Amino acid sequence: VRLFHNITELLTLAPEEHPADDPAEAGLGVVRGGAVLCGEDGRVQWSGPEGRLPGEHATGTERVDLGGAVVLPGLVDAHTHLVFAGDRTRDFADRCAGESYEAIAARGGGIRLTVRATRAASLDALAALARPRLLSLLAHGVTTVEVKSGYGLSVADELKMLEVVARLGREGPWRLVPTVLGAHIVPDAFKADRAGYVRLVTEELLPEVARRGLARHVDVFCDAGAFTLDEALRVLEGGRALGFGLKVHAEQLTRTGAAAAAAGLGAVSADHLEHLSEADADALAAAGTVGVLLPGAALFLGGHDRAPARRLLDRGVAVALATDCNPGTCPSTHLPLMTTLGCAWLGMAPREAVAAVTRSAAWAVGARDGTGTLGLGAPCDLAVCDVESWRHVPYLLGHNPVTSVWVSGRKVLSRPPLAGLRAAQS
Ligand SMILES: [Zn+2]
């Protein structure tokens, strides 16, 4: 049993246990002068104001002084493609010089470059490439990470990617949630036989992934240049029949109706959503499907499309913000930066952006065990931040506020704060 104390602001994200007086903090469950008691099982046994710690824990408990820090639940990145090989910096330079995505793809760049390099890489090589990306996420306070396949596009290569995720998950200390995205794009070999590829995914890949227990969710990219709504629905229905949770890349470049259709199938999340209609938002609200927004990708692609965050939130849809960490459209592991973009660019309130990388993001990966909160029974995962208040987390553009990270109550990472920065924040 371990007591974390001397916390200026503890964000429990458990408003039912710690209701807010200030509407600007609604839903965050903020406790000033807070403490967290971590049980032997690595879960929160008690959290609240330090002065109200139950007497039996006041003595004989190991105390960890967090030095007046602000503490958030370990962050949850609900959408990444961080297992990949290959270098896309030339694509980036060409795109910055005004070349179109289509022209880059036509000369062999784009997602096909990543597929070629990922197929050529061994399981060991892919793990060695992905590990530092996970470490970088961890350094930004992220303790739970959704990771997709989708650069293999053959049964063997998709399984290889998912085996990499399984291996890295066993290594820890992060918690990984694997998703099979065999239907990312149609591989070149199936250009003339799209239906054949959809069959390969639904009849060969998904059953084998289920048999090996390598993924929790099935995802599909439904858009111009990827899969049609009809094809996407076949993949999602196949996944549902095998017991997978469902996710969808929807309404990113064009509106296809995939978000509402996936919600109708009970999808846990619909992701991107830049071209979501009013009726689509209603469908997500009715189904309880989380909207996962990826402003880093929209910005990296030129900033033409903004996801309708307010349209979703005002209808009561839970909204998550994720990095989309991938080599083509968002090579970033900076989840705190996505909260800044959610506020400044998508019109979210700071409290909504913080919930979007914690509690709502956990829902988006199907975790309903208190992950993304520090309420009673939640995993005791802490992102300890050297800031004056939680409001500085989305406010400090591009700053990483995280100085130590704890998983199940154990320290997994720490780095010294920048001297004097905290004083300079106010
Ligand atoms: Zn994606």
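## Contacts and overall fold

Two residues are in contact when heavy atoms of theirs lie within 4.5 Å. Among such contacts in the protein chain between residues at least 6 apart in sequence, 71% join residues at least 24 apart. The model is a predicted one, in which local features need pLDDT of at least 70 and side-chain atom pairs count only at pLDDT 80 or more, while totals for chains, interfaces and linings use all residues. Residues are numbered from 1 along each chain as its sequence is written, and side-chain values use heavy atoms, with hydrogens and water left out.

The protein chain has 16 helices and 15 strands; these are DSSP runs numbered from the N terminus, with helices (H or I) of at least four residues and strands (E) of at least two. Its radius of gyration is 21 Å, close to the 22 Å that the globule rule gives for 426 residues, so the chain is as compact as a globular protein of that length. The radius is taken over C-alpha atoms, and the rule is 2.2 Å times the number of residues to the power 0.38. Along the principal axes, the C-alpha atoms fill a box of roughly 70 × 40 × 40 Å.

## Burial and charge

Of the 426 residues, 59% count as buried (under 20% relative accessible area, with exposed over 50% and partly exposed in between, using a 1.4 Å probe and protein chains only).

The protein chain carries 41 positive and 48 negative side chains, and the centres of the two sets lie 3 Å apart. Lys and Arg count as positive and Asp and Glu as negative, while His and the chain ends are not counted. Each charge is placed at NZ of Lys, CZ of Arg, CG of Asp or CD of Glu.

## The zinc site

The zinc ion has His79 (NE2), His81 (NE2) and His249 (NE2) as protein donors, 2.0 to 2.2 Å away. Donors are N, O and S atoms within 2.8 Å of the metal (3.2 Å for Na, K and Ca); water is not among the atoms, so sites may look incomplete.

Along the chain the donors follow the spacing H-x1-H-x167-H. Histidine 81, in the loop between strand E5 (75-77) and helix H1 (89-96), and histidine 249, in strand E9 (residues 245-250), are 168 residues apart and link distant parts of the chain. Both histidine 81 and histidine 249 are buried.

Leucine 11 belongs to strand E1 (residues 2-11) and is buried, with a relative accessible area of 0%. Beyond its neighbours within four places in sequence, leucine 11 is in contact with residues including Leu28, Val71, Leu374 and Trp390.

In helix H3 (residues 111-120), the buried residues are Ile111, Leu113, Thr114, Val115 and Thr118. Their cover includes helix H4 (123-139) and helix H5 (155-171).
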